[in-house]
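Hi everyone, thanks for coming. I'd like to walk you through a structure today, so please have a look at it while I talk.

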Amino acid sequence: MKKTMAQRLKPYLFLMPMLVFAAGFVYYPFFKTFLYSFSRVNARGDILGFVGLQNFTYLFSRREFSAALGNTLRLAVINVPVTVALTMFLALLCTRKRGISAAAETMFALPMAIAMSAVALIFKVLLNPTVGYVNHLFGLTVGWYRDKNTALSGIILLTVWMGIGFNFLLFLSAFRGVPDQLIESARLDGAGGAAVFFFIRFPLITPTLLYVVCTNMVQALMTSGPVMILTQGGPSRSTTTLIYMMYTSGYGSSNYSLAACVVLVTFALTLVCTLLAFAAERKKVHYQ
Amino acid sequence: MKRRMVRLLTDALTLALGFVVVFPILYGLMGAFKSPAEFAAQPPTVLPRSFSYTDNFAFVLRTVPLLRYFFNSLTVAVLISTVRLLAALLAAYAFVYFEFPGRGLLFMLVLATMMLPGDTMTVTNYQTVSRLGLLNTYLGMSITSFVGASQMFMLRQNFKTMPTAIREAAILDGCGDLRYLFFILTPLSRPVLVTLFVQSFIGAWNTYLWPLMVTSHDEMRTVQVGITMLTSVEGTNYETVLAGVMLSLIPALFVFLFLRRGISKAMTAGSLVG
């Protein structure tokens, strides 16, 4: 049967909106970023010429960049294991359904409902050196966001808190998905709590674990909001992150080629995590 | 007996940890009821002397157009979620029911957008949106979030589970593709669509960086951006900022507490597929 012109065009018309949005706001900016990183670009965003790797050598020579890269990696490397261990523990505490389940689950999932900027402002007060409650409660004299030695820890504390809700729910549904018969039969064979965890529960939730690790890693590498609200990258660059640097150099100072180089470095870091997350998701779908 | 003790202790530990997690929010709420003198008093307390001091809330409502911020956030979140789902529905339909040259390649192209995190594109997208003259408009605040590859993927998976016989019968009866999609397939996919909508809505409602960049007029700010502006308003201090934060949280907390089960399910379900 011969198709008419209209019939042949139809699939593309259906795809048009999606493709236009993807082309305009994902692929076009990506290729532009790529071009910018190898070009001399004026403050209006016009490309003036090809400069090879000059932008990158300039970027790598900047103190701000090494600070941003170091802070971002430190943030990610601390945030991810802490978040994973904490939320996995909380989920284990809640796995068995009982009287307090609804209350406990609501409390642990709550951070999910709170927007980042609201969290940042609350933490700003909570960690205030004089009127804040944390220093008083623990008898500390820490400067938190005002001290270059503790500012990043303050940011990490906040990002860990923000991640509790969602990751807790993911682990909870994973633990509850482990078939009861498996655990019962292991118990009958004399396995204790630790054995049940390490030999049955943990292996069965590894796809969820891998997914949580990767998505949190990407998120941590993208951290910029709390830094913008709380510290503006300071004190003395102790909280500058890659995306924050992209924002200040590109949007703030219109140095587009520098911002583009920062983006490509960040992108390279996230790519590995994203690909791993994809693989984890595939596996998770099969388990269901 | 020993088992009961262990269970009781576990429950106590669970609730205590729950309290620790919720503490920052409670602390913020209590602080919003304190007078400036009370707030500055040493040693710091959690509880206010009374809950009758509401000047902070009154101050926020007087100085900041909070209702306008809510309206802006709502408009942008609805616009993003709706357009994103419409585009995803059409694309998913094409990928499932049509045979055409380039199908595999285009499918990969759409999926690959997920590998480019949105925040890395903000500076270049800002240039585009600015050139299109969309700064300080709802469209400009939403347009970069219209691509929904994961939504498309979820819908595609969902359509694939529908028996093809229904479509063949409908088409034989003279039903067009668009009518089939919107009057038969969409109602059948309602649970997935609700999940995806809620998920997109929450994400859009909570965004900070992009709306901050593309809005410079105060009356176009979203809630998330607006409340951070409180810190730079003359006459504000910690207690008024907390009052603003608490007011900004009302819609989200309301939705969360009443629809928690549904939302929890929606959020975790969506994450299963990239």
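**Salt bridges and the A–B interface**

Let me start with one side chain: B:Arg167 is buried, because its relative accessible area is 17%, under the 20% cut-off for that word. Please keep in mind that this is a predicted model.

Which residue does B:Arg167 pair with? Its salt-bridge partner is B:Asp177, and the closest N and O atoms are 2.8 Å apart. The two sit in distant parts of the chain, with B:Arg167 in helix α9 (residues 164–172) of chain B and B:Asp177 in helix α10 (residues 177–188) of chain B, 10 residues apart. B:Asp177 is buried too, with a relative accessible area of 9%.

A:Lys10 forms a salt bridge with B:Asp177, and here the closest N and O atoms are 2.5 Å apart. Through shared partners, A:Lys10, B:Arg167 and B:Asp177 are joined into one network.

Another pair to look at is A:Arg98 with B:Asp11, whose closest N and O atoms are 2.5 Å apart. This pair crosses between chains: A:Arg98 is in the loop between α3 (63–94) and α4 (101–109) of chain A, and B:Asp11 is in helix α1 (residues 2–31) of chain B. Is A:Arg98 buried or exposed? It is buried, with a relative accessible area of 17%.

Let's step back to the interface as a whole. In terms of contacts, 88 residues of chain A meet 95 residues of chain B. The size of an interface is often given as the accessible area lost when the parts come together. For chain A and chain B, the buried area is about 8,200 Å², and carbon and sulfur atoms give 76% of that. Three residues, A:Phe14, A:Met18 and A:Phe25, supply 10% of the area that chain A buries against chain B, more than any other three residues.

There is polar contact too, with 13 residue pairs counted between chain A and chain B. Which helix gives the most to the side of chain A that touches chain B? That is helix α1 (residues 5–37) of chain A, with 20 residues. By class, this side of chain A has 61 nonpolar, 16 polar and 11 charged residues.

A:Arg44 and A:Asp46 meet through their side chains in a salt bridge, at 3.8 Å from N to O. A:Arg44 counts as exposed, at 64% relative accessibility, whereas A:Asp46 is partly exposed, at 27%. A:Arg44 is also 7.5 Å from A:Ser254, C-alpha to C-alpha, although the two are 210 residues apart in sequence. You'll find A:Ser254 in the loop between α12 (242–252) and α13 (256–287) of chain A. Leaving out residues up to four places away in sequence, A:Ser254 touches A:Asn42, A:Ala43 and A:Ser249. With a relative accessible area of 24%, A:Ser254 is partly exposed.

One last stop, in chain B. Helix α11 (residues 190–206) has 17 residues and reaches 24 Å from its first C-alpha to its last, close to the 24 Å expected. Its buried residues include B:Val192, B:Leu193 and B:Trp205.

Definitions and conventions:
Residues numbered from 1 in each chain as written. Chains lettered and ligands numbered in written order. Predicted model: local features only at pLDDT ≥ 70, side-chain atom pairs only at ≥ 80, totals over all residues. Heavy atoms only, no water. Helix = DSSP H or I, 4+ residues; strand = E, 2+ residues; numbered from the N terminus. Expected span 1.5 Å × (residues − 1). Buried < 20%, exposed > 50% of the residue type's maximum accessible area, 1.4 Å probe, protein only. Contact = heavy atoms within 4.5 Å. Buried area = accessible area lost by both parts, 1.4 Å probe. Salt bridge = Lys/Arg side-chain N within 4 Å of Asp/Glu carboxyl O. Polar contact = N/O pair within 3.5 Å; in protein donor to acceptor, adjacent residues only side chain to side chain. Nonpolar A, V, L, I, M, F, W, Y, C, P; charged D, E, K, R; others polar.
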